[in-house]
Number of protein chains: 2
Amino acid sequence: MSPAVSPRQLRQLIRNRKWTSPTSGAASGYLQANLVMLPAAEAFNFLLFCVRNPKPCPILDVLEPGQVEPIIAPGADLRTDLPRYTVFENGEFNTEVEDVSDYFNDSMVSFLLGCSFSFENAMLAAGLPIRNMEEGKNVSMYITNKRCTPAGPFSAPLVVTMRPMTAAQAVRAVQVTTRFHLTHGAPVHLGDPENIGISNLGEPDFGDPVTIKPGEIPVFWACGVTSQLAATSTPLSRVITHAPGHMFVSDLKDEDLTIL
Amino acid sequence: MSPAVSPRQLRQLIRNRKWTSPTSGAASGYLQANLVMLPAAEAFNFLLFCVRNPKPCPILDVLEPGQVEPIIAPGADLRTDLPRYTVFENGEFNTEVEDVSDYFNDSMVSFLLGCSFSFENAMLAAGLPIRNMEEGKNVSMYITNKRCTPAGPFSAPLVVTMRPMTAAQAVRAVQVTTRFHLTHGAPVHLGDPENIGISNLGEPDFGDPVTIKPGEIPVFWACGVTSQLAATSTPLSRVITHAPGHMFVSDLKDEDLTIL
């Protein structure tokens with residue numbers, strides 16, 4: 001598939017089950033999003049959790065109960081236009097499916113949250129290394145000892161992604177990613193992993209370990225997986241999320257959401 | 001009163017009715033906020049309105065139903081720590097009071113939203129003119145022909161403040177205020193007022209008219225009054241807001257919320 005496919009074309013392919021794989025690198029330059037769907041009765045508290053924890057949970061769009069067409073992608077349907085979904089019931093994993101038309105209902109609210117794919121394009125453009133891409137792996141993710149600010153029944157530890165680079169590159173990475181405040185923004189930490197409760201970089205909690213070269217330091221960004229841990233931190237009747245790596249592709253360009 | 005009074009001291013004076021005047025210039029350097037309190041049943045929709053319209057309604061803090069102590073000001077009580085409040089019932093003005101202990105109840109939610117006082121300090125530090133301060137007036141505010149994105153029953157036109165300056169100063173003002181994205185951020189317009197539906201700068205909808213000198217252009221920023229128009233756009237049983245100019249003074253410094 002050419003990366004020149006438009007977001008609308010890509011969503012159509014996904015809806016027709018002609019695209020069922022992860023969306024990394026697809027419709028390059030367009031904003032991809034984490035999806036969380038949950039009961040309207042807890043929507044205020046979950047929105048509050050996101051507002052109180054904007055670095056891991058940057059809000060791109062929130063739909064009213066029962067609605068499936070996002071403002072940031074007219075014509076799209078969130079029940080069918082992601083390649084793969086995870087369904088949780090009573091706080092536990094239930095199933096993975098390619099269409100949630102039979103699971104979503106009128107009393108559920110959908111949240112679209114920013115994803116680090118946006119700033120990765122900008123980092124590549126600035127000549128910065130993204131080791132997991134170089135090594136054909138999923139990014140390394142770790143559960144830290146930092147707690148997010150809770151809201152109602154929702155709580156979670158801060159989850160981070162890690163990308164290794166030299167100190168000079170880390171300075172540049174701070175500059176480049178600061179502009180992307182709605183897609184996790186500037187790093188939350190750099191250097192000593194134990195400072196945020198990570199004892200072994202070689203054993204990430206999610207994703208794959210990557211090579212850290214001599215002279216490199218780990219640089220950590222807030223990660224959208226935090227929002228999934230929060231959404232499933234209390235036993236709601238049903239929560240639907242995107243399956244890892246299988247994101248929603250919007251019509252917004254990465255640049256549309258930069259602060260500068 | 002010395003501007004060196006701390007936010008905590010100022011709130012104590014207000015609570016004891018020893019300070020009942022507007023808060024402009026008080027506890028200089030500390031973040032002041034717009035207050036909106038409304039029934040929990042509509043809190044999700046109002047939060048959604050703010051999320052969808054971040055320039056006029058930048059969210060600083062949202063409290064859970066019945067709570068009165070903000071995260072951004074430990075020890076404060078939102079029912080007593082603003083010098084003056086406006087109470088609306090069924091969408092209509094009801095009364096102005098100095099204490100809302102008899103009006104706030106456990107089924108209401110409080111929102112604190114950013115205020116342009118923060119970036120005014122930064123503009124002054126950069127040597128930029130704030131004409132209404134020079135002339136001892138309230139800032140000029142106008143209802144524009146731009147509509148905010150609605151949410152549930154809430155809708156409002158965008159309200160703007162206007163500050164006149166030279167074009168070169170306007171460029172500098174864009175730079176200075178961009179950093180303050182949680183206190184209205186960069187201008188929404190500059191130049192021709194008719195472009196945003198303002199026919200006569202000499203007749204603001206709120207506040208006072210100010211002098212525009214030869215060679216100056218009007219520069220427009222999103223204004224927190226938008227949130228009050230939204231909160232009262234549907235006949236809720238009760239809405240409480242700060243009275244104009246009588247803001248909540250938090251413990252955060254203006255600099256704490258800058259993006260860069």
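**Figure 1. Surroundings of Leu38(A) in the predicted model.** Setting aside residues up to four places away in sequence, Leu38(A) touches Ala43(A), Phe46(A), Met108(A), Val109(A), Ala231(A), Leu236(A) and Val239(A). The view belongs to a predicted model.

**Figure 2. Met108(A), a contact of Leu38(A).** Met108(A) lies in strand S5 of chain A, which covers residues 108-114. Is Met108(A) buried or exposed? Met108(A) has 24 other C-beta atoms within 10 Å, and a residue counts as buried if 20 or more are found there; Met108(A) is therefore buried. When neighbours within four places in sequence are left aside, the contacts of Met108(A) are Met37(A), Leu38(A), Pro39(A), Ala40(A) and Pro65(A).

**Figure 3. The open sheet S6-S7-S9-S8 of chain A.** Four strands make up this sheet, and their pairing is antiparallel. Why is one side of strand S6 (140-147) and of strand S8 (189-190) in chain A left without a neighbour in the sheet? These two strands stand at the edges and have a single partner strand each, so one side of each remains without a neighbour there. Strand S7 (residues 157-165) and strand S9 (residues 217-222) of chain A are joined by six bridges in the antiparallel sense. Val160(A) has Ala222(A) as its bridge partner in S9(A). Helix H5 of chain A, residues 167-178, packs on the sheet and touches S7, S8 and S9 of chain A. The direction of H5 makes about 15 degrees with that of S9(A).

**Figure 4. The open sheet S6-S7-S9-S8 of chain B.** In chain B, too, an open sheet is formed by four strands with antiparallel pairing. Strand S6 (140-147) and strand S8 (189-190) of chain B are the edge strands, and each pairs on one side only. For S8(B), two antiparallel bridges link this strand to strand S9 (residues 217-222) of chain B. Leu190(B) has Val219(B) as its bridge partner in S9(B). Helix H5 of chain B (residues 167-178) lies across strand S7 (157-165), S8 and S9 of chain B and runs at about 15 degrees to S9(B).

**Figure 5. Pairing around strand S10 of chain B.** Strand S10 (residues 239-242) pairs with strand S1 (residues 30-39) of chain B over two bridges, in the antiparallel sense. Val36(B) stands opposite Thr241(B) of S10(B). Strand S3 (residues 85-89) of chain B also pairs with S10(B) in the antiparallel sense, over four bridges. Here Tyr85(B) stands opposite His242(B) of S10(B).

**Figure 6. The side of chain B that touches chain A.** How many residues of chain B are in contact with chain A? There are 13, and they meet 13 residues of chain A. Helix H2 (43-52) and strand S2 (59-62) of chain B are the elements that give two or more residues to this side. H2(B) supplies the largest share, five residues. By class, this side of chain B has nine nonpolar, three polar and one charged residues.

Technical notes. Residues numbered from 1 in each chain as written. Chains lettered and ligands numbered in written order. Predicted model: local features only at pLDDT ≥ 70, side-chain atom pairs only at ≥ 80, totals over all residues. Contact = placed C-beta atoms within 7 Å. Nonpolar A, V, L, I, M, F, W, Y, C, P; charged D, E, K, R; others polar. Pairing = 2+ DSSP bridges. Axes fitted to C-alpha atoms, helices over the stretch in contact; angles between N-to-C directions. Buried ≥ 20, exposed ≤ 12 C-beta atoms within 10 Å, placed from the backbone.
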